[in-house]
Amino acid sequence: MNELTQVLDKNGLIVAFLLVGLLTWLTDLFSKKVLKSRIPGSAIAIFLALFFGYLGGVVAGGEKGLADINLFKGLSVLGGSMFRDFAIVATAIGASFLLIRKSGLLGLISLILGIAVFFISGVALAWVMGYRDAVSLCTIGAGACTYIVGPVTGGALGASSEVIALSIGTGVVKTIAVTIFTPIFAKKIGLESPGSAMAFGGIMGTSSGVAAGLAATDPKLVPYGAVTATFYTGLGCLVCPSLFYLLISALLS
Amino acid sequence: MIQGLAILSFSFLLGMWSGELLGSWLGINANVGGVGFAMIFLLLSKEYLSKKGWWKSDLEFGIEFWNKLYIPVVIAMAASLNVKSALSSGTLAILAGIIPVFLAFWVFKILIKNLPSSHE
């Protein structure tokens, strides 16, 4: 037994391959046999993974969900930003450059619209919950954009660490919400073509949420959503601590 | 196979570098659009090599493998997110994380309706 633990401990990434493989195998089977393919197996797998991430957080109390349990630590390597971005770039091989170029303007409009919608509604909710200073309002609004824009903005403006933690929490909730609700609402909101996926990526922004949500909806749409979503965090980091902060402080005084 | 992987890696690194450069040029400490640039470099490389007649299905296999690995990576990512702290960081985090998403779904629906050109 001791030897087995040693092997599992040394080969975390390989263990992660096995775990994810088993999970998708089971969820695919469940999707086909029980749900008659009404919900794609990958959507169930992603949702279950979130649930396991929650359980992992409860058991281990760390910051990386299930990956904080030693046996599962390879998951944070496989699901880390390097592999995530690399695999997202690889999805471009199935995309059409022509379509991307044609939808460029729509992508740009959606990016600006998306950052504004999330920032403004985030600020409004923070206001309702009793925050009144421009720095906190701005940081929480930025957190509603993504969990990277929040701390970057908070750090730049000198927000308190509780507010920064809150903005990260907000961003993670957003990622999870986009992951879960995208496949549910996709048909209703007209998310079915490459062009609309580009607009979707721009509006929603969170690369991980958009990528996971689209993967659960229709894997063919992933590259189109990812190509715009990747600009969102950068653009958010640019405008939230500068232009948006100036606007908010002007509004408050 | 490995040549295809090399092309993918080359595009990836070049794209990430462009993203970092754009970020520091804009004066922010973040990668701006690195993944997007990388995807465009990959598509351009494919186009260039196909025109030269050097693109082989064997090359594509190395990239296709990573393309297919994408969903498993997302599953692993979901399992290693800090779900618990996100849910326990308070009502505001949950509200500000969910309500804007619904609002954005609605904005998206309106945008798509008014721009029928995207329905191709």
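The stops below go from chain A as a whole, to its side facing chain B, to a helix pair, to one residue.

**Stop 1: chain A**

Keep in mind that this is a predicted model. You will find 13 helices and zero strands. Now look at the overall dimensions. Along the principal axes, the C-alpha atoms fill a box of roughly 65 × 45 × 30 Å. The radius of gyration of chain A is 20 Å, close to the 18 Å that the globule rule gives for 253 residues, so chain A is as compact as a globular protein of that length. Of those 253 residues, 61% count as buried. Take the contacts in chain A with a separation of 6 or more: 63% of them join residues 24 or more positions apart.

**Stop 2: the side of chain A that touches chain B**

Which helix gives the largest share of the chain A side? Color the chain A side by class.

**Stop 3: α9 against α13**

Select residues 149-157 of chain A for helix α9, and residues 222-252 of chain A for helix α13. Their axes come within 9 Å and cross at roughly 35 degrees. The crossing is right-handed. Show side chains next. From α9(A), the contact uses A:V149, A:V152, A:T153, A:A156 and A:L157. From α13(A) come A:T233, A:G236, A:C237, A:C240, A:P241 and A:Y245. By class, the residues of this contact are eight nonpolar, three polar and no charged.

**Stop 4: A:I46**

Go to helix α3, residues 41-60 of chain A, and pick A:I46. Is A:I46 buried or exposed? A:I46 is buried, because 27 other C-beta atoms lie within 10 Å, and 20 or more is the cut-off for buried. Now select what A:I46 touches, leaving out residues up to four places away in sequence. In chain A these are A:T179, A:A212 and A:A216. Across in chain B, they are B:V74, B:I75 and B:A78. Finish with a distance label from A:I46 to A:T179. Their C-alpha atoms are separated by 8.1 Å, although the two residues are 133 residues apart along the chain.

Definitions and conventions: Residues numbered from 1 in each chain as written. Chains lettered and ligands numbered in written order. Predicted model: local features only at pLDDT ≥ 70, side-chain atom pairs only at ≥ 80, totals over all residues. Axes fitted to C-alpha atoms, helices over the stretch in contact; angles between N-to-C directions. Helix = DSSP H or I, 4+ residues; strand = E, 2+ residues; numbered from the N terminus. Left-handed = near helix turned anticlockwise from the far one by under 90°. Contact = placed C-beta atoms within 7 Å. Nonpolar A, V, L, I, M, F, W, Y, C, P; charged D, E, K, R; others polar. Buried ≥ 20, exposed ≤ 12 C-beta atoms within 10 Å, placed from the backbone. Rg over C-alpha atoms; globule rule 2.2 N^0.38 Å.
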